[in-house]
Amino acid sequence: LNTPHEIDQLARWRGIRGDFLRVASGATTGMASWLALGRAPAFAQKRELTFLSWNHFVPASDDELRKQAEAFGKQAGVTVRVDTIAHLQLDAKFAAEAQSQSGHDMIRTHGAVPFVYEQQLADVGDVVDKLGKQAGGWYPFAAEIGQTPSGWRAIPWFWISFPATYNQAHFKKAGLETPKTWAELLKHGKILKKQGNPVGIPISHCSDTHSTYWSVAWSYGAKVLEADGKTPAINSDKTAEVIEWYKELFKDAMEPEVLSWDDASNNRFILSGKGSWIHNPISPYNAALANKQPIADDINHHNSPAGPAGTHSGPPILGLGIWKFSKNVELAKEFIQFHYRKENFDAWIVASNAFNHPPLRHFADHPIWARNPKFAMLPKEAEFAHARGWPAKSNDAVGRIESNYVLADMVAKAVGGMPTKRAMEWGQDQVARAVKGQLKA
């Protein structure tokens, strides 16, 4: 006879065995169902790779990116999700994800983001080296945005040429050629405004303001930082020339609305038929083509104007970063390399209708720039492009200067009546604060 304790143990064993057999039987039945349905159970779902990007100004570009994400996912047996939001919301989202150490695996970087989050982003130097060797090397100005003192924190993705976009009909009516210099733009702008077709450059809290200010300042020989990246350099005779130019352009060739423009305002301005000239990528022209607007015939482009110190451009340069906290770092690197396959990257350039400029030299000979005469001059913009901050290397201080809209506010104060010297002194102080913030970080 079994003791009471042994009887109790036997009962427990029989119960466990019964439970096991029931579960095993259910599992067998379930497996047959999975095989019949051709899909895995909920608890065995595919890995998911997530990418946070922007709402592209040419939506077909995002469509192509998602198409490639789906193709990669099928090939790799994973799910790839591309989330897009308004570009001005990205900085707040990056800060929240870095703080919580959770969110997306990959992010679309811009400006000095790789430097701001240098310690939070995974090293991607292996992918940068591999892609560079495969495709003729990186344009230096594009590569600078991803290489921090501690290594590569972003892979250059694309840059956006920042030429002039103008209405040919308005210039023809005024009997004017396209301006070759910023001084000539001022002269032409006065005539065009009297004709009822002002020019437009934002002096506001938007990304386009940065692009134009850097271009104008460099063309006049002005700087924001010295080459060491630590010494403020705004307070100078060259910057004074730049500010005086802005003041005269604002008063005699533009309208007050530029003080509150966002990044789509200059697009609307030129597409409305009223504006004659803007400093902007080709997105308005692409929008006019996509929407079959007659004004597309009148819109054209020319290279960014020059100044006493030559032609310079500060185009937006975007990259691809991977958070260190991601559990899919290697998978993200595989997806990036898939996207950079020539057939895929070429298709993405076509989808953007020449808006996306490749940072790799072997992609720059894409036929799309020769196919449309209005795009022929765009690749030339690479010859005089710099990363923001030049002659300094891009760094965290540059990111602070831009995120706080120091340059926009300095010009806005001056056109609003503050003496040029005082506006420069204010700007110099703000740049010094940005540098100190960098050194403390």
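This is a predicted model: local features need pLDDT of at least 70, side-chain atom pairs count only at pLDDT 80 or more; totals for chains, interfaces and linings use all residues.
**Entry 1: the five-stranded sheet**

I read the order as β2-β1-β3-β13-β6, in an open sheet with mixed pairing. I then looked for the edges: β2 (79–85) and β6 (155–159) stand there, and each has a single partner strand, so one side of each has no neighbour in the sheet. From one strand to the next, I get an average twist of 25°.

Strand β13 (residues 317–322) is joined to β6 by four bridges, and the two run antiparallel. I noted one of the pairs: Ile 155 has Leu 320 of β13 as its bridge partner.

**Entry 2: Leu 65, on α2**

I picked Leu 65 because it lies in helix α2 and its relative accessibility is 1%, which counts as buried. What does Leu 65 touch, not counting residues up to four places away in sequence? I find Phe 51, Val 82, Trp 157, Phe 335, His 339 and Trp 348.

**Entry 3: Asn 344**

I moved on to helix α14 (residues 342–351), where Asn 344 is found. Is Asn 344 buried or exposed? I have it at a relative accessible area of 13%; the cut-off for buried is under 20%, so Asn 344 is buried. Leaving out its neighbours within four places in sequence, Asn 344 is in contact with Gln 68, Phe 338 and His 339. His 339 had already turned up in my list for Leu 65.

**Entry 4: α10 and its two helix partners**

I started with α17. Helix α10 (residues 237–253) and helix α17 (residues 406–415) pack at about 60°, and their axes are 9 Å apart. The two are therefore oblique to each other, and I noted the crossing as right-handed. On the α10 side I listed Thr 239, Ile 243, Tyr 246, Lys 247 and Phe 250; on the α17 side, Met 410, Val 411, Ala 414 and Val 415. By class, I count seven nonpolar residues, one polar and one charged in this contact.

Then α8. Helix α8 (residues 182–195) packs with α10 at an angle of about 15°, with the axes 9 Å apart. That makes α8 roughly parallel to α10, and here the crossing is left-handed. From α8, I wrote down Trp 182, Ala 183, Leu 185, Leu 186, Gly 189, Lys 190 and Lys 193; they meet Trp 245, Glu 248, Leu 249, Phe 250, Lys 251, Asp 252 and Ala 253 of α10. I sorted this contact into eight nonpolar, one polar and five charged residues. Phe 250 of α10 is in my α8 list and in my α17 list.

**Entry 5: the four-stranded sheet**

I finished with the open sheet of four strands, ordered β8-β9-β7-β10, again with mixed pairing. Which strands stand at its edges? They are β8 (199–200) and β10 (299–302), each with a single partner strand, so one side of each is left without a neighbour in the sheet. I traced β8 to strand β9 (residues 277–279): two bridges join them, and they run parallel. The bridge partner I noted for Gly 200 is Ile 278 in β9.

How values were computed: Residues are numbered from 1 along each chain as its sequence is written. Side-chain values use heavy atoms; hydrogens and water are left out. Buried means under 20% relative accessible area, exposed over 50%, partly exposed in between (1.4 Å probe, protein chains only). Contact means heavy atoms within 4.5 Å. Axes are lines fitted to C-alpha atoms, for helices over the stretch in contact, and angles run from 0 to 180 degrees between N-to-C directions. Angles under 35 degrees count as roughly parallel, over 145 as roughly antiparallel, 65 to 115 as roughly perpendicular and the rest as oblique. A crossing is left-handed if the near helix is turned anticlockwise from the far one by less than a right angle, and right-handed if clockwise. Ala, Val, Leu, Ile, Met, Phe, Trp, Tyr, Cys and Pro count as nonpolar, Asp, Glu, Lys and Arg as charged, and the others, Gly among them, as polar. Two strands pair if DSSP finds at least two bridges between them.
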